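Dear colleague,

I am handing over a structure that you have not worked with before, and below it I set out what was found there. Please read the notes with the structure open beside them.

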Amino acid sequence: MTNTAMTGTVRREVPRLPDDYSADAARRRTEFLAAETGVRPEHVGRYSFDPGVLAGNIENFVGVAQVPIGIAGPLLIDGEHARGTFYVPLATTEGTLVASYNRGMKLIYQAGGVRTTVMADVMQRAPAFGFASAREARAFGAWITENFAAIKAEAEATTQAGRLHDIEQFSSSRFMFLRFNFTTGDAAGQNLTGKATRHACAWIRAHYAGIEDFCLEANLATDKKSSHVNILRTRGKRVTAEATIPADLAGEIMHTTPGQMFRARQISNLGGLLAGVNNNGNHSANGIAALFAATGQDIANVAESSAALVHTEVLADGSYYYSITIPALIVATYGGGTGLPTQRECLELLGCYGAGRVNKLAEIVAATVLCGEVSLGAAVVADEWVTAHERLGRNRP
(Lines give C-alpha, C1' and ligand atoms only; values in the text may rest on other atoms or scores of the structure.)
Protein backbone atom coordinates (compact mmCIF):
# COMPACT_ATOMS: atom_id res chain seq x y z
CA MET A 1 0.00 0.00 0.00
CA THR A 2 1.40 3.40 -1.00
CA ASN A 3 1.35 6.53 1.07
CA THR A 4 -1.10 7.99 -1.46
CA ALA A 5 -3.50 5.13 -0.92
CA MET A 6 -3.12 5.38 2.83
CA THR A 7 -3.70 9.13 3.07
CA GLY A 8 -5.93 9.74 0.11
CA THR A 9 -3.75 12.66 -0.95
CA VAL A 10 -1.34 13.35 -3.78
CA ARG A 11 2.25 14.30 -2.95
CA ARG A 12 2.79 17.85 -4.16
CA GLU A 13 6.38 18.75 -4.96
CA VAL A 14 7.85 22.11 -3.97
CA PRO A 15 8.06 24.07 -7.26
CA ARG A 16 11.37 24.24 -9.12
CA LEU A 17 11.97 26.66 -11.98
CA PRO A 18 14.60 26.81 -14.75
CA ASP A 19 15.88 30.03 -13.13
CA ASP A 20 15.53 28.62 -9.64
CA TYR A 21 17.72 31.17 -7.83
CA SER A 22 15.58 34.22 -8.50
CA ALA A 23 13.07 36.41 -6.71
CA ASP A 24 10.35 35.03 -8.98
CA ALA A 25 11.15 31.45 -8.02
CA ALA A 26 11.05 32.39 -4.33
CA ARG A 27 7.67 34.07 -4.82
CA ARG A 28 6.32 31.02 -6.62
CA ARG A 29 7.30 28.82 -3.71
CA THR A 30 5.75 31.28 -1.24
CA GLU A 31 2.49 31.09 -3.22
CA PHE A 32 2.76 27.30 -3.06
CA LEU A 33 3.22 27.41 0.72
CA ALA A 34 0.22 29.69 1.14
CA ALA A 35 -1.95 27.33 -0.89
CA GLU A 36 -0.73 24.19 0.87
CA THR A 37 -0.56 25.41 4.47
CA GLY A 38 -2.88 28.40 4.67
CA VAL A 39 0.02 30.51 5.97
CA ARG A 40 1.60 33.28 3.94
CA PRO A 41 4.98 34.32 5.43
CA GLU A 42 5.42 38.10 5.50
CA HIS A 43 8.92 38.54 6.87
CA VAL A 44 10.71 35.47 5.49
CA GLY A 45 10.62 36.89 1.98
CA ARG A 46 12.24 40.23 2.87
CA TYR A 47 15.93 40.19 2.08
CA SER A 48 18.48 42.59 0.65
CA PHE A 49 20.56 40.49 -1.76
CA ASP A 50 20.19 38.87 -5.17
CA PRO A 51 19.06 35.22 -4.78
CA GLY A 52 21.35 34.44 -7.69
CA VAL A 53 24.31 34.33 -5.29
CA LEU A 54 22.81 31.36 -3.40
CA ALA A 55 23.56 28.53 -5.84
CA GLY A 56 25.52 25.95 -3.90
CA ASN A 57 24.25 27.18 -0.51
CA ILE A 58 20.52 26.36 -0.46
CA GLU A 59 17.79 24.55 -2.38
CA ASN A 60 14.10 25.49 -2.70
CA PHE A 61 14.90 29.04 -1.54
CA VAL A 62 11.97 31.09 -0.22
CA GLY A 63 13.63 33.70 1.99
CA VAL A 64 15.76 34.24 5.05
CA ALA A 65 15.72 33.65 8.80
CA GLN A 66 16.59 37.04 10.25
CA VAL A 67 18.57 36.38 13.42
CA PRO A 68 19.42 39.53 15.40
CA ILE A 69 23.12 40.44 15.52
CA GLY A 70 24.67 42.23 18.47
CA ILE A 71 28.24 43.47 18.85
CA ALA A 72 30.48 42.60 21.79
CA GLY A 73 33.80 44.29 22.37
CA PRO A 74 36.37 45.58 22.19
CA LEU A 75 38.04 42.20 22.50
CA LEU A 76 41.80 42.55 23.01
CA ILE A 77 43.85 39.67 21.61
CA ASP A 78 47.57 38.96 21.69
CA GLY A 79 47.68 36.15 19.16
CA GLU A 80 49.98 34.87 16.47
CA HIS A 81 47.36 35.60 13.82
CA ALA A 82 44.84 37.90 15.55
CA ARG A 83 46.43 40.93 17.20
CA GLY A 84 44.75 44.04 18.52
CA THR A 85 41.13 44.88 19.26
CA PHE A 86 38.07 43.36 17.62
CA TYR A 87 34.35 44.04 17.70
CA VAL A 88 32.67 40.66 17.55
CA PRO A 89 29.29 40.09 15.80
CA LEU A 90 27.11 37.58 17.62
CA ALA A 91 23.85 36.34 16.04
CA THR A 92 21.46 35.13 18.71
CA THR A 93 17.94 35.34 20.10
CA GLU A 94 19.07 34.70 23.69
CA GLY A 95 18.84 37.79 25.84
CA THR A 96 21.91 38.41 28.06
CA LEU A 97 24.27 36.50 25.76
CA VAL A 98 25.83 39.54 24.10
CA ALA A 99 25.88 41.42 27.40
CA SER A 100 27.64 38.54 29.14
CA TYR A 101 30.33 38.20 26.48
CA ASN A 102 30.72 41.98 26.43
CA ARG A 103 31.28 41.99 30.20
CA GLY A 104 33.90 39.26 29.91
CA MET A 105 35.66 41.22 27.17
CA LYS A 106 35.70 44.32 29.38
CA LEU A 107 37.33 42.37 32.19
CA ILE A 108 39.91 40.69 29.96
CA TYR A 109 40.71 43.99 28.17
CA GLN A 110 41.57 45.62 31.48
CA ALA A 111 43.54 42.52 32.48
CA GLY A 112 45.76 42.87 29.42
CA GLY A 113 43.94 40.78 26.83
CA VAL A 114 43.78 37.17 25.71
CA ARG A 115 46.78 35.27 24.40
CA THR A 116 45.78 32.82 21.67
CA THR A 117 47.69 29.97 20.04
CA VAL A 118 46.71 27.62 17.22
CA MET A 119 48.22 24.33 18.35
CA ALA A 120 47.21 22.04 15.48
CA ASP A 121 45.32 22.05 12.18
CA VAL A 122 43.84 18.89 10.65
CA MET A 123 40.64 17.72 8.93
CA GLN A 124 39.72 14.09 8.41
CA ARG A 125 37.85 11.59 6.38
CA ALA A 126 37.83 8.10 7.91
CA PRO A 127 37.17 5.10 5.66
CA ALA A 128 37.05 1.47 6.78
CA PHE A 129 38.23 -1.63 4.93
CA GLY A 130 37.04 -5.13 5.78
CA PHE A 131 38.87 -8.43 5.22
CA ALA A 132 38.41 -12.13 5.82
CA SER A 133 40.36 -12.03 9.08
CA ALA A 134 42.16 -9.77 11.52
CA ARG A 135 45.54 -10.91 10.19
CA GLU A 136 44.63 -9.78 6.71
CA ALA A 137 43.52 -6.42 8.11
CA ARG A 138 46.91 -6.13 9.85
CA ALA A 139 48.74 -6.91 6.60
CA PHE A 140 46.69 -4.25 4.84
CA GLY A 141 47.75 -1.70 7.46
CA ALA A 142 51.40 -2.48 6.80
CA TRP A 143 50.81 -2.06 3.07
CA ILE A 144 49.18 1.35 3.65
CA THR A 145 52.27 2.49 5.55
CA GLU A 146 54.59 1.27 2.78
CA ASN A 147 52.55 2.97 0.05
CA PHE A 148 51.79 6.26 1.76
CA ALA A 149 53.63 8.38 -0.84
CA ALA A 150 51.51 6.97 -3.70
CA ILE A 151 48.29 7.36 -1.70
CA LYS A 152 49.21 10.96 -0.82
CA ALA A 153 49.79 11.77 -4.51
CA GLU A 154 46.40 10.34 -5.45
CA ALA A 155 44.59 12.27 -2.72
CA GLU A 156 46.27 15.58 -3.51
CA ALA A 157 45.58 15.25 -7.24
CA THR A 158 41.98 16.31 -6.51
CA THR A 159 42.69 19.56 -4.66
CA GLN A 160 44.78 22.71 -4.82
CA ALA A 161 44.56 23.56 -1.12
CA GLY A 162 44.44 20.15 0.56
CA ARG A 163 47.55 18.31 1.79
CA LEU A 164 47.51 14.79 3.19
CA HIS A 165 49.88 14.69 6.15
CA ASP A 166 49.38 11.19 7.53
CA ILE A 167 46.99 8.25 7.78
CA GLU A 168 46.22 6.93 11.26
CA GLN A 169 45.26 3.26 11.65
CA PHE A 170 42.73 1.78 14.10
CA SER A 171 41.95 -1.92 13.92
CA SER A 172 38.90 -3.73 15.25
CA SER A 173 37.84 -7.33 14.46
CA ARG A 174 38.56 -7.91 10.76
CA PHE A 175 38.36 -4.23 9.89
CA MET A 176 41.00 -1.58 9.48
CA PHE A 177 39.75 1.96 10.09
CA LEU A 178 41.87 4.76 8.63
CA ARG A 179 41.88 8.47 9.46
CA PHE A 180 43.16 10.50 6.51
CA ASN A 181 44.50 13.71 8.06
CA PHE A 182 44.58 16.77 5.80
CA THR A 183 45.25 20.46 6.07
CA THR A 184 42.69 22.37 4.01
CA GLY A 185 43.80 25.98 3.73
CA ASP A 186 41.08 28.55 4.45
CA ALA A 187 38.20 26.13 3.83
CA ALA A 188 36.60 24.07 6.59
CA GLY A 189 37.46 21.11 4.38
CA GLN A 190 34.86 18.37 4.88
CA ASN A 191 33.95 18.26 1.19
CA LEU A 192 37.59 18.63 0.13
CA THR A 193 38.69 15.72 2.29
CA GLY A 194 35.76 13.59 1.16
CA LYS A 195 36.64 14.02 -2.50
CA ALA A 196 40.38 13.52 -1.95
CA THR A 197 39.92 10.44 0.23
CA ARG A 198 37.45 8.90 -2.19
CA HIS A 199 39.97 9.28 -5.01
CA ALA A 200 42.79 7.81 -2.92
CA CYS A 201 40.63 4.88 -1.82
CA ALA A 202 39.73 4.08 -5.42
CA TRP A 203 43.47 3.71 -6.06
CA ILE A 204 43.88 1.54 -2.95
CA ARG A 205 41.04 -0.76 -3.96
CA ALA A 206 42.47 -1.10 -7.46
CA HIS A 207 45.92 -2.02 -6.14
CA TYR A 208 45.18 -4.22 -3.11
CA ALA A 209 43.52 -7.62 -3.36
CA GLY A 210 41.29 -9.15 -0.71
CA ILE A 211 39.21 -6.18 0.34
CA GLU A 212 35.75 -7.51 1.17
CA ASP A 213 34.10 -4.41 2.62
CA PHE A 214 34.61 -0.71 2.09
CA CYS A 215 32.94 2.38 3.53
CA LEU A 216 34.22 5.83 2.61
CA GLU A 217 33.17 7.33 5.95
CA ALA A 218 32.98 4.86 8.80
CA ASN A 219 32.30 7.40 11.56
CA LEU A 220 35.79 7.52 13.07
CA ALA A 221 36.04 11.13 11.94
CA THR A 222 32.77 11.68 13.84
CA ASP A 223 31.65 14.34 11.41
CA LYS A 224 29.29 16.77 13.19
CA LYS A 225 29.35 14.78 16.41
CA SER A 226 31.43 15.47 19.51
CA SER A 227 33.81 12.63 20.33
CA HIS A 228 36.77 11.78 22.50
CA VAL A 229 38.94 10.89 19.50
CA ASN A 230 38.63 14.44 18.16
CA ILE A 231 39.32 15.93 21.58
CA LEU A 232 42.55 13.91 21.67
CA ARG A 233 43.55 14.01 17.99
CA THR A 234 42.09 17.36 16.82
CA ARG A 235 39.53 18.05 14.10
CA GLY A 236 39.70 21.45 12.46
CA LYS A 237 41.80 23.83 14.54
CA ARG A 238 43.09 23.12 18.05
CA VAL A 239 43.23 26.54 19.71
CA THR A 240 44.15 27.61 23.23
CA ALA A 241 43.20 30.97 24.74
CA GLU A 242 44.76 32.19 28.01
CA ALA A 243 44.29 35.16 30.32
CA THR A 244 45.46 36.23 33.77
CA ILE A 245 42.96 38.23 35.82
CA PRO A 246 44.18 40.38 38.73
CA ALA A 247 42.19 39.90 41.93
CA ASP A 248 41.17 43.55 42.15
CA LEU A 249 39.61 43.45 38.67
CA ALA A 250 37.73 40.26 39.51
CA GLY A 251 36.22 42.07 42.47
CA GLU A 252 35.53 45.35 40.68
CA ILE A 253 33.94 43.96 37.50
CA MET A 254 32.81 40.43 38.41
CA HIS A 255 31.96 40.98 42.09
CA THR A 256 33.82 37.87 43.17
CA THR A 257 37.35 36.65 43.93
CA PRO A 258 39.75 34.28 42.18
CA GLY A 259 39.47 31.94 45.15
CA GLN A 260 35.70 31.75 44.89
CA MET A 261 35.84 31.21 41.14
CA PHE A 262 38.46 28.49 41.48
CA ARG A 263 36.42 26.75 44.17
CA ALA A 264 33.35 26.79 41.92
CA ARG A 265 35.45 25.43 39.06
CA GLN A 266 36.50 22.46 41.20
CA ILE A 267 32.89 21.73 42.13
CA SER A 268 31.69 22.01 38.53
CA ASN A 269 34.45 19.67 37.35
CA LEU A 270 33.19 17.10 39.87
CA GLY A 271 29.59 17.64 38.77
CA GLY A 272 30.58 17.16 35.15
CA LEU A 273 32.36 13.94 36.04
CA LEU A 274 29.18 12.68 37.71
CA ALA A 275 27.17 13.64 34.64
CA GLY A 276 29.58 11.95 32.22
CA VAL A 277 30.31 15.03 30.10
CA ASN A 278 33.21 14.93 27.64
CA ASN A 279 34.35 18.52 28.33
CA ASN A 280 34.34 20.93 31.25
CA GLY A 281 33.42 24.23 29.62
CA ASN A 282 30.55 26.36 30.92
CA HIS A 283 28.72 27.26 27.72
CA SER A 284 31.16 27.44 24.82
CA ALA A 285 28.39 26.48 22.38
CA ASN A 286 26.71 29.85 23.04
CA GLY A 287 29.47 32.06 21.68
CA ILE A 288 30.50 29.60 18.98
CA ALA A 289 26.97 29.19 17.62
CA ALA A 290 26.40 32.96 17.64
CA LEU A 291 29.68 33.61 15.81
CA PHE A 292 29.04 30.76 13.37
CA ALA A 293 25.60 32.11 12.47
CA ALA A 294 26.96 35.61 11.97
CA THR A 295 29.97 34.62 9.84
CA GLY A 296 28.52 31.90 7.60
CA GLN A 297 30.04 28.84 9.20
CA ASP A 298 28.36 25.43 8.99
CA ILE A 299 26.13 25.62 12.07
CA ALA A 300 26.12 21.84 12.56
CA ASN A 301 29.86 22.00 13.26
CA VAL A 302 28.98 23.49 16.65
CA ALA A 303 28.55 19.84 17.68
CA GLU A 304 32.30 19.24 17.45
CA SER A 305 33.55 22.78 17.93
CA SER A 306 31.88 23.41 21.29
CA ALA A 307 33.91 20.79 23.17
CA ALA A 308 36.05 22.88 25.52
CA LEU A 309 38.81 22.02 27.97
CA VAL A 310 39.14 24.54 30.82
CA HIS A 311 42.12 24.80 33.16
CA THR A 312 42.40 27.40 35.93
CA GLU A 313 44.85 28.30 38.70
CA VAL A 314 45.05 30.81 41.50
CA LEU A 315 48.58 32.19 41.14
CA ALA A 316 50.99 33.14 43.92
CA ASP A 317 50.09 36.84 43.66
CA GLY A 318 46.37 36.05 44.02
CA SER A 319 45.50 36.55 40.35
CA TYR A 320 43.45 34.04 38.40
CA TYR A 321 44.92 32.19 35.42
CA TYR A 322 42.21 30.98 33.05
CA SER A 323 42.72 28.96 29.89
CA ILE A 324 40.44 27.22 27.47
CA THR A 325 41.44 24.80 24.72
CA ILE A 326 39.05 24.11 21.85
CA PRO A 327 40.34 20.88 20.25
CA ALA A 328 37.94 20.60 17.32
CA LEU A 329 37.13 24.10 16.09
CA ILE A 330 35.94 23.97 12.48
CA VAL A 331 35.93 27.38 10.81
CA ALA A 332 36.43 28.84 7.36
CA THR A 333 37.06 32.23 5.81
CA TYR A 334 36.56 31.01 2.26
CA GLY A 335 33.85 28.90 0.65
CA GLY A 336 30.59 27.60 2.05
CA GLY A 337 28.41 30.35 3.47
CA THR A 338 31.26 32.78 4.15
CA GLY A 339 30.78 34.68 0.90
CA LEU A 340 27.07 35.40 1.33
CA PRO A 341 26.33 39.10 1.76
CA THR A 342 25.63 39.49 5.49
CA GLN A 343 28.06 36.77 6.49
CA ARG A 344 30.81 38.33 4.44
CA GLU A 345 30.17 41.69 6.08
CA CYS A 346 30.54 40.14 9.54
CA LEU A 347 33.80 38.47 8.54
CA GLU A 348 35.02 41.79 7.13
CA LEU A 349 34.24 43.48 10.46
CA LEU A 350 36.76 41.07 11.98
CA GLY A 351 39.26 41.40 9.13
CA CYS A 352 38.75 37.70 8.45
CA TYR A 353 37.20 37.41 5.01
CA GLY A 354 39.11 35.54 2.31
CA ALA A 355 42.38 33.67 1.91
CA GLY A 356 45.04 33.52 4.59
CA ARG A 357 42.80 34.46 7.52
CA VAL A 358 41.36 31.22 8.88
CA ASN A 359 43.78 30.96 11.82
CA LYS A 360 43.01 34.57 12.70
CA LEU A 361 39.31 33.71 12.87
CA ALA A 362 40.05 30.62 14.95
CA GLU A 363 41.93 32.74 17.49
CA ILE A 364 39.08 35.28 17.65
CA VAL A 365 36.57 32.49 18.29
CA ALA A 366 38.69 31.01 21.08
CA ALA A 367 39.26 34.41 22.71
CA THR A 368 35.53 35.15 22.55
CA VAL A 369 34.73 31.81 24.16
CA LEU A 370 37.16 32.47 27.00
CA CYS A 371 35.50 35.81 27.78
CA GLY A 372 32.10 34.17 27.88
CA GLU A 373 33.32 31.35 30.09
CA VAL A 374 34.79 33.76 32.65
CA SER A 375 31.70 35.98 32.62
CA LEU A 376 29.19 33.18 33.15
CA GLY A 377 31.32 31.46 35.77
CA ALA A 378 31.62 34.70 37.74
CA ALA A 379 27.90 35.46 37.39
CA VAL A 380 27.01 32.10 38.91
CA VAL A 381 29.44 32.56 41.81
CA ALA A 382 28.29 36.14 42.49
CA ASP A 383 24.61 35.08 42.29
CA GLU A 384 24.00 37.45 39.36
CA TRP A 385 23.18 34.81 36.76
CA VAL A 386 19.42 34.50 37.34
CA THR A 387 18.88 38.20 37.98
CA ALA A 388 20.69 39.09 34.75
CA HIS A 389 18.38 36.82 32.77
CA GLU A 390 15.37 38.27 34.56
CA ARG A 391 16.50 41.78 33.66
CA LEU A 392 17.74 41.25 30.08
CA GLY A 393 16.40 37.90 28.95
CA ARG A 394 12.65 38.11 29.57
CA ASN A 395 10.82 38.33 26.25
CA ARG A 396 7.53 36.60 26.79
CA PRO A 397 4.65 36.82 24.32
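The largest cavity is lined by Asp121, Val122, Met123, Thr184, Ala187, Ala188, Gly236, Lys237, Leu329, Ile330 and Val331, where a cavity is a set of points on a 1 Å grid over the protein atoms alone at which a 1.4 Å probe fits but cannot get out, and lining residues have an atom within 4 Å of a point. Two elements give two or more residues each to this lining, namely strand E3 (114-125) and strand E8 (236-245), and the largest share, 3 residues, comes from E3. Helices (H or I, at least four residues) and strands (E, at least two) are DSSP runs, numbered from the N terminus.

By class, the lining of this cavity has 7 nonpolar, 2 polar and 2 charged residues; Ala, Val, Leu, Ile, Met, Phe, Trp, Tyr, Cys and Pro count as nonpolar, Asp, Glu, Lys and Arg as charged, and the others, Gly among them, as polar. About 40 Å³ of space lies in the largest cavity, a volume being the space filled by probe spheres set on grid points that are joined across faces, edges and corners. A search of the whole structure finds 1 cavity of 30 Å³ or more.

Before going on, please note that this is a predicted model, in which local features need pLDDT of at least 70 and side-chain atom pairs count only at pLDDT 80 or more, while totals for chains, interfaces and linings use all residues. Residues are numbered from 1 along each chain as its sequence is written, and side-chain values use heavy atoms, with hydrogens and water left out.

The largest pocket has a volume of about 1300 Å³, a pocket being an open set of points with protein on both sides within 12 Å along at least five of seven lines. Its lining comprises 45 residues, of which Asn57, Gly296, Gly337, Leu340 and Gln343 lie nearest the centre of the pocket. Helix H6 (190-207), H10 and helix H12 (341-349) are the elements that give two or more residues to this lining, and H12 gives the most, with 4 residues. The lining of the largest pocket divides into 25 nonpolar, 16 polar and 4 charged residues.

Turning to helix packing, the axes of helix H10 (residues 284-295) and helix H13 (residues 358-381) come within 8 Å and cross at roughly 140 degrees. Axes are lines fitted to C-alpha atoms, for helices over the stretch in contact, and angles run from 0 to 180 degrees between N-to-C directions. H10 and H13 are therefore oblique to each other, since angles under 35 degrees count as roughly parallel, over 145 as roughly antiparallel, 65 to 115 as roughly perpendicular and the rest as oblique. In this pair, Ser284, Ile288 and Leu291 of H10 meet Val365, Thr368, Val369 and Glu373 of H13, contact meaning heavy atoms within 4.5 Å.

Helix H4 (residues 134-146) packs against H6 at an angle of about 120 degrees, with the two axes 12 Å apart, and H4 and H6 are therefore oblique to each other. Here Phe140, Trp143 and Ile144 in H4 meet Trp203, Ile204 and His207 in H6, a contact with 5 nonpolar, 1 polar and no charged residues.

Finally, there are two backbone details to look at. A cis peptide bond, with omega of about 5 degrees, joins Gly73 and Pro74, and Pro74 is found in strand E1 (residues 69-79). Thr222, a residue other than glycine, has a positive phi near 45 degrees and sits in the loop between strand E7 (213-215) and helix H7 (228-233).

With best regards
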